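Got the sequence and the fold open? Let's go through them together, one question at a time.

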Amino acid sequence: MKKIAILTLLVVSLFSCKESSKEDVQAILSESNGKINNVSIIIDDNLWNGEIGDSIRKKFAAPVDGLPQEEPLFTLNQYPTKVFEGFVRKSRNIIVVKKGKEAGYAANTNKFAKPQNIFFISGTDTEDVLNVIEEKSAEIIKTIKASEIIENQIRMKKSLVSDEQIQKKFGVSLQIGFGFKYDMVKENFIWLRKEFTSGYNSILIYQVPIEKVEKDTNIITNITTMRDEIGKANIHGTLPNTWMITEAAYAPYLFEVNVANKKTYLTKGTWELKNDFMAGPFVNYAIKDTKNNRYLILEGFTYNPSKSKRDLVFELEAIIQSVKFLK
């Protein structure tokens, strides 16, 4: 019995040491760096300038859906393998691509810094590497986008705007970043806006009965009609007889996603002011709240003429995806 007790104590001690060792490593990791939606690609120049580089750019710098001008999904920063050290290793998102003895793929988190995603892609030849990129790119993109939303939310938490009015009117909470102000508050409608030198970002919150969105199977038309009605009633330009509508020249994209564990229709497209020349991208989240017989609508839209809009829209999505239902 004494031997068994000693052995058990030894095993527990070893396990505790391993766990402590992992925690110690995590504790000493420095903070990762990088702008939102930036990815470091560790790949030698001869591969970057050939078929493999073309494939990486095609997948990870593909145009973002719903933007009026073409902008890449991620900003890619390429570094040869020999300089994969120092600040490069502390990048928040890293993809390492190389030729080796066998084809393979691995994903890791917080290897050199925290938070961090790092992905390893290898192959014996160009075809092998291309096959791994083709097979794993969607998974990598999904992982990076999700973690960048979280990173954006963490940054916003440092200085949040009160959501008390949103909680009272709609029974949900939102993490709203610094700079947003309540522009319009009505019984069933809230508009928050953050102005900057070249334009502004806006968040709209309202609700409609479930049948407003589901009156037939043409969901995209129903959502477009709904937001055009809301725009005419609430979002006006400085000139008379101007209001926000969905731009007819570009068909919006419709996706089914999950937000706050609820079925959600995500619509991405372009808005414009009727009888005026203002325009920009929007993202509309119609979240089905069966318990309260409604769709909660959280919409973000951006006005930033002749300048990049990708990260502005991404900020709006980070705010919207922070929603929590309180009742």
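## Contacts, cores and salt bridges

Q: Which residues does Ile-205 touch, not counting residues up to four places away in sequence?
A: Keep in mind that this is a predicted model. Contact here means heavy atoms within 4.5 Å. Leaving out residues up to four places away in sequence, Ile-205 touches Ile-166, Phe-170, Leu-174, Asn-188, Phe-189, Ile-190, Leu-192, Leu-296, Ile-297 and Leu-298.

Q: How many residues does the largest nonpolar core have?
A: Ile-205 is among the residues with the most contacts inside this core, along with Ile-56, Ile-95, Ile-166, Leu-298 and Val-323. Helix 4 supplies the largest share of the core, eight residues. There's also a second, separate core of 23 residues, which includes Trp-191, Tyr-200, Ile-230 and Trp-271. For the largest nonpolar core, the number is 52 residues.

Q: What is the order of the strands in the open sheet of five strands?
A: The pairing in this open sheet is mixed. Strand 2 and strand 4 (104–109) stand at the edges, each with a single partner strand, so one side of each has no neighbour in the sheet. From one strand to the next, the twist averages 20 degrees. Reading across, you get the order 2-1-3-5-4.

Q: Which residue stands opposite Thr-109 in strand 5?
A: Strand 4 and strand 5 (residues 117–123) run antiparallel, and six bridges join them. In strand 5, the residue opposite Thr-109 is Asn-117.

Q: What angle does the direction of helix 4 make with that of strand 5?
A: Helix 4 packs on the sheet and touches strand 1 (38–42), strand 3, strand 4 and strand 5. Comparing its direction with that of strand 5 gives about 170 degrees.

Q: How many salt bridges does a search of the whole structure find?
A: One of them is between the side chains of Arg-92 and Glu-148, at 2.8 Å from N to O. Arg-92 is in the loop between strand 2 (75–79) and strand 3 (93–99) while Glu-148 is in helix 4 (residues 126–157), so this pair ties together parts 56 residues apart in sequence. Both Arg-92 and Glu-148 are buried. Searching the whole structure, the count comes to 16.

Q: Is Asp-183 buried or partly exposed?
A: Asp-183 forms a salt bridge with Arg-193, and their closest N and O atoms are 3.2 Å apart. The two are 10 residues apart, with Arg-193 in strand 10 (residues 189–196) and Asp-183 in strand 9 (residues 181–186). Arg-193 has 18% relative accessibility, so Arg-193 counts as buried. Asp-183 is at 38%, so Asp-183 counts as partly exposed.

Q: What is the relative accessible area of Asp-289?
A: Asp-289 pairs up with Arg-294 in a salt bridge, the closest N and O atoms being 2.7 Å apart. Arg-294 is buried, with a relative accessible area of 6%. Asp-289 is buried too, and its relative accessible area is 1%.

Q: How many of the 11 residues of helix 8 are buried?
A: Helix 8 (residues 310–320) is mostly covered. Its buried residues are Arg-310, Leu-312, Val-313, Phe-314, Glu-315, Leu-316, Glu-317, Ala-318, Ile-319 and Ile-320.

Definitions and conventions: Residues are numbered from 1 along each chain as its sequence is written. This is a predicted model: local features need pLDDT of at least 70, side-chain atom pairs count only at pLDDT 80 or more; totals for chains, interfaces and linings use all residues. Side-chain values use heavy atoms; hydrogens and water are left out. A salt bridge is a side-chain nitrogen of Lys or Arg within 4 Å of a carboxyl oxygen of Asp or Glu. Helices (H or I, at least four residues) and strands (E, at least two) are DSSP runs, numbered from the N terminus. Buried means under 20% relative accessible area, exposed over 50%, partly exposed in between (1.4 Å probe, protein chains only). Two strands pair if DSSP finds at least two bridges between them. Axes are lines fitted to C-alpha atoms, for helices over the stretch in contact, and angles run from 0 to 180 degrees between N-to-C directions. A nonpolar core is a set of buried Ala, Val, Leu, Ile, Met, Phe, Trp, Tyr and Cys residues joined through side-chain atoms within 4.5 Å.
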